[in-house]
Amino acid sequence: MDTELLTVGKTTIRFVIDGIEEYTKRLKHYLPYRITPLPDIRRGGSLTEAQQKEAEGELILSRLQPSDYVVLLDERGREYSSMEFAGFMEKQMVAGRRRVVFVVGGPYGFSEAVYRRADSKLSLSKMTFNHEMVRLFFTEQLYRAMTILRGEPYHHE
């Protein structure tokens with residue numbers, strides 16, 4: 001099952017890049033995983049919040065295929081423990097999904113069109129994180145889920 005993380009904007013913080021690279025390298029042993037950054041469309045404040053969400057939404061939707069299972073990383077999403085998230089991933093694999101796409105939106109969240117297209121919403125925490133940090137946290141949790149499913153000693157209950 002291909003797994004992709006769509007993000008609005010690039011990752012620029014060096015230690016975050018290093019962490020993402022480390023966990024992405026580890027994930028190659030379990031499943032295909034890639035992070036796809038979409039262009040940051042902010043134009044010097046010339047767009048309203050609603051216009052920015054709509055423009056980002058169009059970019060996100062243009063990258064999705066009809067058969068994709070789409071999960072938004074959203075503060076209103078379901079919170080999972082690491083074990084529960086591993087179960088969620090296992091369920092997607094057993095369902096025979098070809099591609100699961102997780103999406104990190106821009107600073108104002110998602111457009112209504114993106115919410116309508118989503119199959120699920122996931123919250124990493126009730127806290128708010130920098131969008132670049134979310135990419136690292138998610139990638140590490142995906143790696144953790146794969147080690148849980150394989151019964152490997154990375155995760156401790």
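Trainee: At what angle do H1 and H5 pack, and how far apart are their axes?

Mentor: In this predicted model, H1 and H5 pack at about 20°, with their axes 9 Å apart. Axes are lines fitted to C-alpha atoms, for helices over the stretch in contact, and angles run from 0 to 180 degrees between N-to-C directions. Residues are numbered from 1 along each chain. Local features need pLDDT of at least 70, side-chain atom pairs count only at pLDDT 80 or more, totals for chains, interfaces and linings use all residues, and side-chain values use heavy atoms, without hydrogens and water.

Trainee: Why are H1 and H5 called roughly parallel?

Mentor: Angles under 35 degrees count as roughly parallel; H1 and H5 pack at about 20°, and are therefore roughly parallel to each other.

Trainee: What makes up the contact of H1 with H5?

Mentor: Its residues are 10 nonpolar, three polar and four charged. Including Phe 15, Ile 20 and Leu 27, H1 meets residues of H5, among them Leu 136, Leu 142 and Met 146 (contact means heavy atoms within 4.5 Å).

Trainee: Which residues touch the most other members of the largest nonpolar core?

Mentor: Among its 28 residues, they are Phe 85, Met 89, Phe 102, Phe 138, Leu 142 and Met 146. H5 (131–150) is one of the elements giving two or more residues to this core, and its nine residues are the largest share. Leaving out residues up to four places away in sequence, Phe 138 touches Leu 5, Tyr 33, Leu 73, Phe 85, Phe 102, Leu 122 and Leu 124.

Technical notes. A nonpolar core is a set of buried Ala, Val, Leu, Ile, Met, Phe, Trp, Tyr and Cys residues joined through side-chain atoms within 4.5 Å. Buried means under 20% relative accessible area, exposed over 50%, partly exposed in between (1.4 Å probe, protein chains only). Helices (H or I, at least four residues) and strands (E, at least two) are DSSP runs, numbered from the N terminus. Angles under 35 degrees count as roughly parallel, over 145 as roughly antiparallel, 65 to 115 as roughly perpendicular and the rest as oblique. Ala, Val, Leu, Ile, Met, Phe, Trp, Tyr, Cys and Pro count as nonpolar, Asp, Glu, Lys and Arg as charged, and the others, Gly among them, as polar.
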